[in-house]
Amino acid sequence: MIADHDPTRDEDPLAFMQGGGAMGELIRGRDWQHSELGPPEQWPAALKSAISSVLNSGTAMHIAWGDNLLQFYNDAYIPILTAGKHPAALGRSVKESFPEIWDFIWPLFDRVLNKGEAIAMENAGLMLCRDGQLQESFFSFSYSPLKSLAGKVCGVATVCWETTEEVIIKRREHGLRLLTEQLTAATTIQEVRHAVLGHVEGHRGDLPFLLWYECDEALKTLHLVMSCGISAEAPLIRELGTQDGRSTLGQAIHSTAPIARLLGLPEPATDWLLDPPCAMDVERVAIEPLCYVNYSSPDAYLVFGVSQRPFNASSKNFLESICHGVERAVRRISAVEFERRESLRQFAEVTAVVPSLVWMSNAEGARTFVSKRWLDF
């Protein structure tokens, strides 16, 4: 709980507003005369004490005061609000500032206000509207009651840490371990695609959608062999239908510069792009080559949807790790399949000259091979 002293006893009735960097200046410069709270000189002592403590804290802190939960916060809390909510959130109700998560946070506020209990949560996941876009975000926070001099709970003080990056990194590492296990155990290309499909479905916050295109033998056209999370009517699918080099995406595929394969999407992309249940807005696509045979000539391309959050080195490594795992699995399976077919070819050549009727059956009794002499018979 915020320490409760009475700043009104100070010589300067507005001393509680001192310091606080940009937020301190913003609070001091605001005309509160006609606001719901009235002149700052008349604010309750508990509110003044809380504001003084919050403004001069290096930790992200937030105050929700009174019946309408009017907000005050410090400089460290501004990045959590981001553009569009700051500075409008100052002096505004929590419900007005955070309508998209109100159903989640109101029961927490209500519990603190009515029971006077402190609440802590770790890595809570929220779809938060930031910079005009819904973004998957994670926070660890604690809610504590703010009490008047008479002991009545009048507000809620929040200490908050954003943990989005840490949660995403751990989630990616866990997902990649599972994907690696599945790719290692895969014995067919279909099992490889199924593993990738499951991975994307489990990481829609990072990978809103995925398209898998493979080149034909002449390397002139691209055929869609798998898609996940994207509407069948999306123009993006039709635009990537051929590798003709004339479209923006076609040119990106042909480009030798990796940076050219990170493309912005037309606006508004999500009106036609995504299938439910992914509510994440997609900003760009990342095109990653798959080289099954050698590293100089791609045999396929994975087209990843990139979410609104910053695309950094960690994001790039995440996509490349998926691609490298797929490449290794396909090469291994292709080598085994080649050896199997070569063995069958050699076996067929031998049995063709052997004066016997030769055939093979599996455990279910179905024939898997018959010699030419058997067929002639």
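A charge is taken to sit over a ring if CZ of Arg is within 6 Å of the ring centre and within 35 degrees of the ring normal. With that cut-off in hand, here are some close-ups of this predicted model.

**View 1. Arg-30 lies over the face of Trp-32.** Arg-30 is placed 5.5 Å from the ring centre of Trp-32.

**View 2. A charged end sits over the ring of Trp-212.** Here the arginine is Arg-193, and its charged end is 5.4 Å from the centre of the Trp-212 ring.

**View 3. Phe-109 and Tyr-143 form a stacked pair.** Eight aromatic pairs turn up when the whole structure is searched. In one of them, the ring centres of Phe-109 and Tyr-143 are 5.0 Å apart and the planes meet at 5°, so this pair counts as stacked. Phe-109 belongs to helix H5 (residues 102-115) and Tyr-143 to strand E4 (residues 133-147), so the contact ties together parts that are 34 residues apart in sequence. Both Phe-109 and Tyr-143 are buried.

**View 4. Tyr-143 also stacks with Phe-141.** Take a second look at Tyr-143, this time with Phe-141: the two rings are 5.0 Å centre to centre, with 25° between the planes. Buried means under 20% relative accessible area. Phe-141 counts as buried because its relative accessibility is 5%, and Tyr-143 is buried at 5% as well.

**View 5. Strand E9 pairs with strands E8 and E10.** Strand E8 (residues 262-264) runs antiparallel to strand E9 (residues 282-290), and three bridges join them. Between E9 and strand E10 (residues 300-307), also antiparallel, there are eight bridges. Ala-286 in turn has Phe-304 as its bridge partner in E10. As you trace the strands, keep in mind that side chains in a regular strand alternate between the two faces of the sheet.

**View 6. Leu-357, Trp-359 and Phe-377 form a nonpolar patch on the surface.** Together these three residues have about 390 Å² of accessible area. Leu-357 is found in the loop between helix H10 (313-353) and strand E11 (359-361). Is Leu-357 buried, partly exposed or exposed? Its relative accessibility is 36%, so Leu-357 counts as partly exposed.

Terms used. Residues numbered from 1 in each chain as written. Predicted model: local features only at pLDDT ≥ 70, side-chain atom pairs only at ≥ 80, totals over all residues. Heavy atoms only, no water. Pairing = 2+ DSSP bridges. Helix = DSSP H or I, 4+ residues; strand = E, 2+ residues; numbered from the N terminus. Patch = residues over 30% accessible without salt bridge, like charges linked within 9 Å, V, L, I, M, F, W, Y side chains within 5 Å. Areas by Shrake-Rupley, 256 points an atom, 1.4 Å probe, with all protein chains shown as cover. Salt bridge = Lys/Arg side-chain N within 4 Å of Asp/Glu carboxyl O. Buried < 20%, exposed > 50% of the residue type's maximum accessible area, 1.4 Å probe, protein only. Phe/Tyr/Trp six-rings, centres within 6.5 Å; stacked < 30°, edge-to-face > 60°.
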